[in-house]
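Trainee: Please take me through one part of this model slowly: the pairing of charged side chains. I would like a close look, with the cut-offs spelled out.

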Amino acid sequence: MSTKRIALLGATAVISLVTAGCGGLSEGTTGAAGEPAASSSAEGYPVTLENCGVKQTFTKAPSRVVVMNGASVAEVSTLLALGLEDRIVVNQQTYGMSEVPGRADEIKALPKGDIKLNDAFDIPREAMLAQRPDLVLSTTAYGFDGKNGFATRDQLKQVGANSYVSPQGCDQDTSKMTMEDSRRLLRDMGKVFGVSERAEKLIAESDRRIAEVTEKVKGEEKPKVMVIFSNMSMGGNDFSSVVAKGIYNDILASAGGTNAFENASKGSFADLSKEKVAAADVDALVVISYNDPDPTAYAKKLLKEFPQWTAAKNDAYVVLSDSIYLGPSNDVAVEKIAETLHPDAL
């Protein structure tokens, strides 16, 4: 995968609402009826969505959805969590693993459309239009950039397709992303597909689990955590995939920890030398797997490489994949990280 696309991770991704209107329903919008299952009837519609400055109207629940790659699984996982797998005609998102039992297999089973992808490992313009979609989901605005050979939002509109850029993806800057953006994605899709009641139940259950963990670790010392992508290069230094900002820090805070490298960069990722990493005080390690078949081996390698870390002395690490990105399962990441940082409190 190209470095340009990898840099958009953090869904992600991976795949990352810096603009106020991005991903949000416009004021005064009439939401869906909140049926327990998706319905293609017009009841509860129209729904108007203003997304990254583009206003769209849904007269019924979409039935031909294309999910672009975007180095993310946030969008496809959100649709699956809402029970909307039968609406997906093409999905290009996959990590091959998940903290949610069965999800990786569910994603693998979705149709891929037999499409020849472009150099960004995503769906080019003509192939997209040939799918006859009524909704196209992209992690960031990059997926609708005509200069890169993608179908633009205007071109999709001309063939009757709405489009959606996920939270924090309007200007492709995920550094300000929080778990609230995961809730926003669920709520938006709930309203678009007429399953708002299901979306709100998922959000409430996730919030309850996160609150329980946060309460248990309240008052505990906050370990310094290094969050890094497994075997991934995004820059010129030895450690160029170290997380600095974004949804990861919100998850760490809820789990009772802090990011050891939060101030190492103004953006989502820090590009660090081995010397700077060695000098840091790291109490625990979070390794994020993105299509790495053995992220645990990578975690153990790091702990062996830096034996002076408290993390190495205590063998304190956890490997995660999709739950720490934008998506419907941030509560799982909070729980797993908290179990590593505060095993006696949980």
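**Salt bridges in the model**

Mentor: Let's begin with Glu180, which is partly exposed at a relative accessible area of 38% (buried is under 20%, exposed over 50%, partly exposed in between, with a 1.4 Å probe and protein chains only). This is a predicted model, in which local features need pLDDT of at least 70 and side-chain atom pairs count only at pLDDT 80 or more, while totals for chains, interfaces and linings use all residues. Residues are numbered from 1 along each chain as its sequence is written, and side-chain values use heavy atoms, leaving out hydrogens and water.

Glu180 pairs with Arg183 in a salt bridge, their closest N and O atoms 2.9 Å apart; the term means a side-chain nitrogen of Lys or Arg within 4 Å of a carboxyl oxygen of Asp or Glu. Both residues belong to helix H7 (residues 179-193), three residues apart, about one turn of the helix; helices are DSSP runs of H or I, at least four residues, numbered from the N terminus.

Helix H8 (residues 196-216) holds Glu205 and Arg208, also three residues apart. Their side chains meet in a salt bridge at 2.5 Å, N to O. Glu205 is partly exposed at 37%, and Arg208 is partly exposed at 39%. Salt bridges with shared partners also link Glu180, Arg183, Arg187, Glu200 and Asp207 into one network.

Elsewhere, Asp145 bridges to Lys147 at 3.4 Å between the closest N and O atoms. Here Asp145 is buried at 19%, whereas Lys147 is exposed at 75%. The structure holds 13 salt bridges.

How values were computed
Helices (H or I, at least four residues) and strands (E, at least two) are DSSP runs, numbered from the N terminus.
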